[in-house]
Amino acid sequence: MNNQVQEHNSTIDRGIMCRICGGNVQEFIDLGRQPLSDAFLTPAEIADEFFYRLRVGVCESCSMVQQLDEVPRERMFHAAYPYVSAGSVRMREHFASTAREFLDTELTGQDPFIVEIGSNDGSMLGTVHAAGVRHLGVEPCSGVADVARAAGIRVRSDFFEESVGAEIAAEHGRAEVVFAANTMCHIPYLDSIFRGIDALLASDGVFVFEDPYLGDVVDKVSFDQIYDEHFYLFSATSVAAMARRFDFELVDVRRLPVHGGEVRYTIARAGARTPSAAVAELVADERTRGLAELPTLRKFAAEVDQICRDLERTLVELRAGGMHVVGYGATAKSATVINYAGIGPELVTCVFDSTPAKTGRQMPGSHIPVVPAAGFADYEADCAVLFAWNHAEEILAKEQAFAERGGRWLLYVPNVRLV
C-alpha cells in the first residue's frame, strides 16, 4: 500500500461541507487512487482509464457518512453498466419476496401504483407486473432497462430527480410506494431526490429503500463496500435526520442479510404514520456503540489497513510457495480491495465471473483478466480469493468440486483466512 495513503488516514480535513445538512465533515479514511469500480476495460481502453480519490468522512452535525469526492454520474451509470440483479439466485428471491410484501400491504387499494428508482433488470417489478399492478421503473442504464422492457415491465430511462418525480406524478398520478434498492447510496444529490418524492408520493404513501448498513460495514470491516457508486453509508441515525430535513419521517427499519448486511428504511410524510419501536431501538444502539463517532471510524480505518497488509502478505507467500491463485467474483467492490492492497496479475492471475459483460475484459485498475465462471470447475488453481464474499454460501455450494479436489478459498472479511 501507498505510505502516503496510510499517513493521510490519521489527518483531519476541515471545511468540507456535508451534502445533506451543510455541516462540517471530517475525513476518517483515504483509500487512495481508485478506478471506476464497474469499468471493465479492453487492453485498448486502458490508456484512457479514469481514476479518482476515494476518501470518506462523517458529518459532525447529522452523522451522515459520505465520500468527499464525487464521480460524475454519467461515468458510472450508462448503457454498458454491467450489473444485473438477477445474476444471483438469492437476490432474485429477495426481490420477489419484497414485491409480494408490497402487494400484500401497501398496494391493496383501487388501482395502486408503485415506482422503483434504479429498477435495473426488473427483478422486483417483474412480480408486481405479473400481479397486474401499475408500475414504473426509473433506470438510467439503458442496457439493463431494455432487459426489463423485454419482460413487459414499464421503464423510463432517466436519472430520478425532482423534475422527473413531478413529471411521473403528472402523467401517472401519485404513487402508494416509491422503492429503491442499492440505489439511494449512489446519489449525492439527495435533496433533489426528496423533492421528487414529495411531488410523486401519495399523502399516505411510503418511500422504502434498502442499502448497505454502516453498522455492518464497521462490524465486519467490509471496507470494500466503499467504492465510487456507494457515495453514502447510511445508519438509522443519519437517515432519520435526513428525512426530518425534508419534512419526512423514518417510521420503520429492518435489518437484511443480503449484500453483506443492509437496512430497509421506510419513510413517510411527517406525522402520517406512527414510527415502529424498531427505529428508536436501532438509533439507541448506534448511539451506545458510538457508530458514527470519529474514534470508532478511525479504529475501523486502522483495521482496514491491517487487512490489506495481511492480504497482500498472504498472497505473496502463497505465490512464493508455488501455489496458483485466482479470484472469484469480478464485483464492483473488489476494485477497492484490489487497488488499495496493490494486488495485480502477478499475485492473482485471473478472476472468474458469470457476467458476460465483464468476461474477456480486465479488472478496473489492476488489469487482471476476467474469465467465464463456467471454466472454474476445470481450472487448475490451488487457491481462489472470494471477492464476492457476500454470496459465499451460494458460491461455495455451487463450486464444491473445487474444495473436494483440495482447493482453498481465501477470504478477507472480517479478516484474512484460508478455508
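Let's start at a strand pairing: tyrosine 328 has leucine 386 of β16 as its bridge partner. Tyrosine 328 also stands opposite phenylalanine 352 in β14. The model you are looking at is predicted, so local features need pLDDT of at least 70 and side-chain atom pairs count only at pLDDT 80 or more, while totals for chains, interfaces and linings use all residues. Residues are numbered from 1 along each chain as its sequence is written, and side-chain values use heavy atoms, with hydrogens and water left out.

Tyrosine 328 belongs to strand β13 (residues 325-328). Helices (H or I, at least four residues) and strands (E, at least two) are DSSP runs, numbered from the N terminus, and two strands pair if DSSP finds at least two bridges between them. β13 runs parallel to β16, joined by four bridges, and parallel to β14, joined by two bridges. From β13, Val325 and Gly327 point one way while Val326 and Tyr328 point the other, and all are buried (under 20% relative accessible area; exposed is over 50% and partly exposed lies in between, with a 1.4 Å probe and protein chains only). In a regular strand the side chains alternate between the two faces of the sheet.

In the loop between β15 and β16 you will find aspartate 382, which counts as partly exposed at 32% relative accessibility. Leaving aside residues up to four places away in sequence, aspartate 382 touches Gly322, Met323, His324, Phe402, Gly406, Gly407 and Arg408 (contact means heavy atoms within 4.5 Å). Its side chain also reaches the backbone nitrogen of histidine 324 at 2.7 Å, a polar contact (a pair of N or O atoms within 3.5 Å; within protein, one must be able to donate a hydrogen and the other to accept it, and residues adjacent in sequence count only if both atoms are side-chain atoms).

Leucine 103 is one of the buried residues of α3, along with Met91, His94, Phe95, Ala96, Thr98, Ala99 and Phe102. Their cover includes β5 (113-117), α4 (125-130), β8 (175-181), β9 (201-212), β11 (248-256) and β12 (262-269). At the start of α3, a side-chain oxygen of serine 88 comes to within 3.2 Å of the backbone nitrogen of arginine 90.

Several of those strands belong to an open, mixed sheet of seven, in the order β7-β6-β5-β8-β9-β12-β11. β7 (155-156) and β11 stand at its edges with a single partner strand each, so one side of each has no neighbour in the sheet. Helix α10 (residues 277-289) packs on the sheet, touching β11 and β12, and its direction makes about 75° with that of β11 (axes are lines fitted to C-alpha atoms, for helices over the stretch in contact, and angles run from 0 to 180 degrees between N-to-C directions). Five bridges join β5 to β6 (residues 134-138), which run parallel; there, isoleucine 117 has valine 138 in β6 as its bridge partner.

Finally, look at the aromatic rings. Rings of Phe, Tyr and Trp (its six-membered ring) pair if their centres lie within 6.5 Å; planes under 30 degrees apart count as stacked, over 60 as edge-to-face and the rest as tilted. The count comes to 19 aromatic pairs. Phenylalanine 194 and phenylalanine 246 are stacked, because their centres are 5.0 Å apart and their planes at 10°.
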